[in-house]
Every structure is written in C-alpha cells, then in structure tokens.
Amino acid sequence: MKYITLIGLFLFISSCGGGGSSSPVIAPSTDTLSEVPVVPDSTTFPGAEWEVYAPDEVGISQASIDAALDYAFVADRFTQGVVIVRHGVIVGERYAVDKSADTPATSWSTGKSVASTLIGIAVDQGLISSIDVPAENYLPEWVNTGREAITIRSLLEMRSGLGLASANVEDTEMYVEGGIAGDQLAYALDRNPETNPRTDNWRYQNTDSMLLSGILENATGQNVLNYADVNLFSVIGMTATWWTDEAGHALTYCCIDATSRDFARFGLLIARDGNWRNTQVVSKDWVDEATAMSVTMSSDRGYGLQWWINPDLGYFYAAGFHKNHIYIFPQHDLVIVRNSNYTRTGNDTVRTGSNWHRTDGPNQWSDADFVTFITAGIN
C-alpha cells in the first residue's frame, strides 16, 4: 500500500494567569503524524516511473493476473513482455528470460493506431481541416489524377478502393524482413482506384496507412517522428523510435520501437479519452470516433479508424503482427499490453537492406482467452 504522510501543525497556548507575558509556542508532537492510504483511481497517472500495486488493491484478483501471465508465457507463445495496468498503476508484469522493463519491443501495425491519433491531433490543431476532405488536399502528387473521391476517412477506414501499386508487389511485402527499398510513400501513392471509396469492399492494406505519413508531413510541415515527439510522446512520457523508408518517411503502417511500459502509456491515454494529467492531448471526440465501428465483420470483430473493435467482449485494440497488441477496456480503466520476442538487425532505423527487425509469433493464441482471464477477476 502506498501512503502520504500528513503533518498536523498545532499551536498550544498556555495561560499563566497574569503578568502579561506571552504564551509559549509548543513544537508539534510527532504523535500527530498519520498515514492515509492512497487508492489509485481513474485520475491516477504514472510519473517518470510507474507505480506497481498488488492487483487486489485495485479490485482485481491476483489469481486472474497470474492466470493471464501464465497463459502468455507458455513456451511456444514466444511472449517477450506483458504489462497490465488498472487505474493508472501496474498490477501485472512479466518478461521473458534475459528481457526486462527496459527492453525495446516493436509495434508492427499497432503503429497504425498511433498514426491515427496523430491525424486526430492535427485535426484538433486545425492543421487538417477535416478527415472528410479529399486526401489530395494533403497529397499534392494526387491533384488532377482522378483520385479526388478518396477522402482521408476512407484511408483511415481501409476503404480507399485503391488497388495494388504498378510495381505489382504484394502489399504484405512491405511488412517482412528488409521491407521495400526506396521511397515507400511513393509506392503507396502509385495506385489506381479499383472500386468506389467507402463501399463494402473493405481491404486491409499497409499502403493505405502509409499515405498517412505524407498527409501528416504536408499538413504539419514536419516529419512524423518530430511531430509525434512534440505533440504526443513527450507529453505522456513515452520514448519511441519510428522506422522510416530510405526517403525519410515514417512507416505509419507499422514499426514503432518502445518498451512495453511505454506502449502502456499510449494505451492509458486512449483509455482516458485522450487526456493526460489534465492535458487534452487528443480530443475525446476524436477518440470516440476513431474507436467506433466503421466496418462490421462479425459479432466480435470490427474496424474503426485504424483501430480494431471487439464489441462482444467490450474492448478495442491496437493490433500488431504476431500479437503485438494494446487492449483497452475504458469501462474498467484497464490497459493490457502484450509484445512478442523481438530481434533487431543493424544499427539504423531506415528499414531496408541490412537494417530490419523481426518478431516470433505465437503458435497458438486467443485474444478472448487472454483478456478474459483478467476481466473475469475484476470485482
């Protein structure tokens, strides 16, 4: 239990019954010290370091936390780190052998949700007028090319209607070891419409998300990492590195390196409606819109604005390749981060040639089983 010590100051005045002498001031007694328990709640945030509490101090059973951690760390699930946060404090945490709270993990497509948040911040700041305007307003390469029906919203929803690039390289190859050499933003721009935007033809494409890099660069006049550092990461105390292509464009479809604890900071920001210690980093309206269902796929799966939603279990999540996920339960003030074993090759963060990174994916994994171990233990 964490405590704040309160010192009561008392003045004891004694009367001597005459002589007009002043009464002496008696020093406060140490007997007046008292310890008052501090209970974390929805207004609690981490400082430079996280506070760690026993689960039962914030209304979760220890057994449920242990069950989730044991599930995650079965040998063939290749989990590097898990961090469980309730009411702004860590209540469960475990790392693989030779890993720790200071070991970097990588986001893969969880970076899409971070990029979406940056779009929301730029909208809040008036740097982007609306996500319902043509994307070409912030992608000059598209002006007068017949793509004016493609809005920023359609890119965020993965409903741009765009096909593959003329290079005829499968979109998934942007994701594997080595990536694609050169200018990945140019690659993403070089695609033609195949269907009308925002129809039922939902298509998950890293190239749609890569266009957010160009939109943010042109709207803010900054590279994406600088903009993110000033307006997001530094505000919530998160240290992150964002991989780029050879042309210096941040890979907004993936590839943020940070610790599991720092990914939990981002998750807590979103769980708290974009607020961090009374600073509205991104508007609540944006968080609500981004994490609302735009495309329904089944009772337990849908898509928002670069966020996944599970309405059946009542959470939304930033999803990364190999289950590098951030699960968010706003109704429980609960954030869960899971990262897979991470290996990085090379000394640079330009993702090409000899600089690349990889993770080991779990052989068997159920999001529902993992998170339900935790939520079932909430009192």
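Reply: In this predicted model, the axes of helix H2 (residues 110-124) and helix H6 (residues 224-236) come within 11 Å and cross at roughly 75 degrees.

Me: Why are H2 and H6 called roughly perpendicular to each other?

Reply: Angles of 65 to 115 degrees count as roughly perpendicular. The crossing angle of H2 and H6 is roughly 75 degrees, and the two helices are therefore roughly perpendicular to each other.

Me: Which residues make the contact between H2 and H6?

Reply: H2 contributes Val114, Leu118, Ile121 and Ala122, while H6 contributes Val224, Tyr227, Ala228, Asn231, Leu232 and Phe233. By class, nine residues of this contact are nonpolar, one is polar and none is charged.

Me: What makes the buried residues of H9 line one face of the helix?

Reply: Buried means under 20% relative accessible area. In helix H9 (residues 367-375), the buried residues are Asp367, Phe370, Val371 and Ile374. Seen down the axis of H9, these residues fall within an arc of 80 degrees, so they line one face of the helix. They pack against helix H1 (62-72), strand S3 (79-86), S15, S16 and strand S17 (334-340).

Me: How do you know that S15 and S16 pair?

Reply: Two strands pair if at least two bridges are found between them. Strand S15 (residues 315-318) and strand S16 (residues 325-329) have three bridges, in the antiparallel sense. Tyr317 stands opposite Tyr327 in S16.

Me: Why do S4 and S12 stand at the edges of the sheet?

Reply: Eight strands form an open, antiparallel sheet in the order S4-S3-S17-S16-S15-S14-S13-S12. Strand S4 (89-95) and strand S12 (295-298) each have a single partner strand, so one side of each is left without a neighbour in the sheet.

Terms used. Residues numbered from 1 in each chain as written. Predicted model: local features only at pLDDT ≥ 70, side-chain atom pairs only at ≥ 80, totals over all residues. Heavy atoms only, no water. Helix = DSSP H or I, 4+ residues; strand = E, 2+ residues; numbered from the N terminus. Buried < 20%, exposed > 50% of the residue type's maximum accessible area, 1.4 Å probe, protein only. Arc of directions from axis to C-beta. Contact = heavy atoms within 4.5 Å. Axes fitted to C-alpha atoms, helices over the stretch in contact; angles between N-to-C directions. Parallel < 35°, antiparallel > 145°, perpendicular 65-115°, else oblique. Nonpolar A, V, L, I, M, F, W, Y, C, P; charged D, E, K, R; others polar.
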